[in-house]
Amino acid sequence: MGAGGPRPGVGPPDGGWGWVVLVACFVVTGFAYGFPKAVSVFFRALMRDFGAGYSDTAWVSSIMLAMLYGTGPVSSILVTRFGCRPVMLAGGLLASAGMILASFATRLLELYLTAGVLTGLGLALNFQPSLIMLGLYFERRRPLANGLAAAGSPVFLSALSPLGQLLLELFGWRGGFLLFGGLLLHCCACGAVMRPPPGPGPRPRPRADLEEDCAGDAPGEAEADAEGTRLRLREAPPGGRARRRLLDVAVCTDRAFLVYVVTKFLMALGLFVPAILLVNYAKDAGVPDTEAAFLLSIVGFVDIVARPACGALAGLARLRPHVPYLFSLALLANGITDLSSARARSYGTLVAFCIAFGLSYGMVGALQFEVALGLVLLVEAVAVLIGPPSAGRLVDALKNYEIIFYLAGSEVALAGVFMAVATYCCLRRSRDTPPGPTTGASDTEDAEAEGEPEPLPPGTQEPCSLESLEVPSPRAGSVGQEREADPGRSRESV
């Protein structure tokens with residue numbers, strides 16, 4: 001494995017150079033999730049210069065997000081082959097080159113290939129390895145590290161949007177893209193500090209097991225979710241194989257998993273639409289450009305507070321079993337916020353919308369589940385490619401922004417209602433249906449694969465229950481006492 005990759009037998013030091021790695025993860029996470037939304041401040045200039053519509057320009061952000069979600073397995077495979085540091089260095093160069101080349105674009109197609117594909121791929125090649133390395137440096141303090149690293153997303157969104165508007169006013173969109181490309185070179189600096197943790201580890205892992213866990217299409221694949229992309233590194237028991245219940249192909253036929261996939265698809269269709277088109281909407285409503293760009297900063301500021309607070313509440317013992325319903329409530333709140341703000345015109349009402357949207361957006365990010373297989377990421381990538389461009393197409397056709405808020409709000413609200421109803425039906429059916437004759441055989445196979453049986457923790461639902469698949473997002477900044485008290489559970493990073 002290349003330099004910068006995980007080393008067998010290395011245990012998490014929970015400090016030391018890990019804090020430098022944490023700062024690098026903070027920066028990488030901020031660029032990965034804040035950058036695709038921040039570039040929306042350039043859309044009006046792009047529309048003017050290229051004679052394009054909202055749909056055409058929205059493709060730039062959509063392609064970035066789709067590349068971030070859809071290329072996670074590719075990134076994991078590259079990490080397995082070359083190591084974290086080389087992949088992150090290459091990703092930083094790609095992300096920077098994409099924006100620099102985009103500054104010379106003469107057609108929208110060139111923008112899609114450079115700012116969309118190249119920059120999006122570069123961000124993905126930075127994001128996934130940074131999470132792997134963070135998991136290698138932190139174990140006991142991992143919930144704290146996860147929360148701090150995830151804070152990069154709202155912080156960078158708050159900073160990049162007004163910065164982009166300033167660069168647009170001073171240098172035009174081409175100069176802004178060029179300088180943003182230079183700014184993305186910081187990802188290379190973040191990759192350069194990703195050296196493997198030194199010293200012997202308390203629980204050695206065979207190289208084959210580690211490579212299998214990092215491979216995106218292997219049974220122990222690295223996982224990541226939508227605004228809360230996360231990786232899970234499973235640890236193989238001594239002399240045995242890693243537990244794969246959540247990553248077995250059979251999980252794709254599980255009712256709870258299918259409910260989650262449908263929910264994530266509906267959610268991704270509308271969740272990012274307001275954030276991507278908000279600045280243009282405000283500018284068209286007569287809001288000054290600088291104040292319009294600051295609206296995304298307001299969303300980021302509120303998200304900084306809402307996400308860790310909601311994550312901490314969800315981690316409470318009394319609320320943890322009800323996280324699927326809390327997630328549904330957060331989706332419903334986000335959808336209602338969009339629906340109720342469709343007629344917002346003044347700057348005051350737009351600020352109120354941003355506060356409410358940032359609050360519900362942070363709740364959604366904090367409560368998303370960790371069951372994020374490659375299929376879920378692919379579904380999210382497809383939904384992101386459909387949602388914002390379709391909303392832009394409606395604006396071009398109807399010359400009215402209200403429709404996108406109604407459409408996005410109804411999609412997210414529908415996701416929340418579907419999640420709640422399907423969860424209730426799934427739980428009710430699991431209680432009413434006695435265990436089938438194959439249950440024992442399945443448990444026996446799991447025990448053989450692990451080398452020893454692993455009983456389900458108290459209060460855990462049956463496999464068809466969403467609660468059995470649910471773990472509150474570490475990105476939420478929750479304390480995670482339960483993980484620390486149970487060292488036998490899977491190792492997780494952001």
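Student: Is R343 buried or exposed?

Tutor: Buried means under 20% relative accessible area, exposed over 50%, and partly exposed in between (1.4 Å probe, protein chains only). R343 has 60% relative accessibility and therefore counts as exposed. Please note that this is a predicted model, in which local features need pLDDT of at least 70 and side-chain atom pairs count only at pLDDT 80 or more, while totals for chains, interfaces and linings use all residues. Residues are numbered from 1 along each chain as its sequence is written, and side-chain values use heavy atoms, with hydrogens and water left out.

Student: With which residue does R343 form a salt bridge?

Tutor: A salt bridge is a side-chain nitrogen of Lys or Arg within 4 Å of a carboxyl oxygen of Asp or Glu. The partner of R343 is E402, with the closest N and O atoms 3.5 Å apart. R343 lies in the loop between α14 (323–340) and α15 (347–367), and E402 in helix α17 (residues 402–432), so the pair ties together parts that are 59 residues apart in sequence. Helices (H or I, at least four residues) and strands (E, at least two) are DSSP runs, numbered from the N terminus. E402 is buried, with a relative accessible area of 13%.

Student: How many salt bridges does the whole structure contain?

Tutor: A search finds six. One of them joins the side chains of E380 and K264 at 3.2 Å, N to O. E380 lies in helix α16 (residues 374–398) and K264 in helix α11 (residues 255–271), so this pair links parts 116 residues apart in sequence. E380 counts as buried, at 0% relative accessibility, and K264 is likewise buried at 0%.

Student: Which residues touch the most other members of the largest nonpolar core?

Tutor: In soluble globular proteins, nonpolar side chains tend to be buried together. A nonpolar core is a set of buried Ala, Val, Leu, Ile, Met, Phe, Trp, Tyr and Cys residues joined through side-chain atoms within 4.5 Å. Here the largest has 122 residues, and F31, F35, L111 and W173 touch the most other members. Helix α6 (residues 108–137) gives the most to this core, with 14 residues.

Student: What is the secondary structure of the chain, and what share of its residues is buried?

Tutor: The chain has 20 helices and zero strands. Of its 494 residues, 58% are buried.
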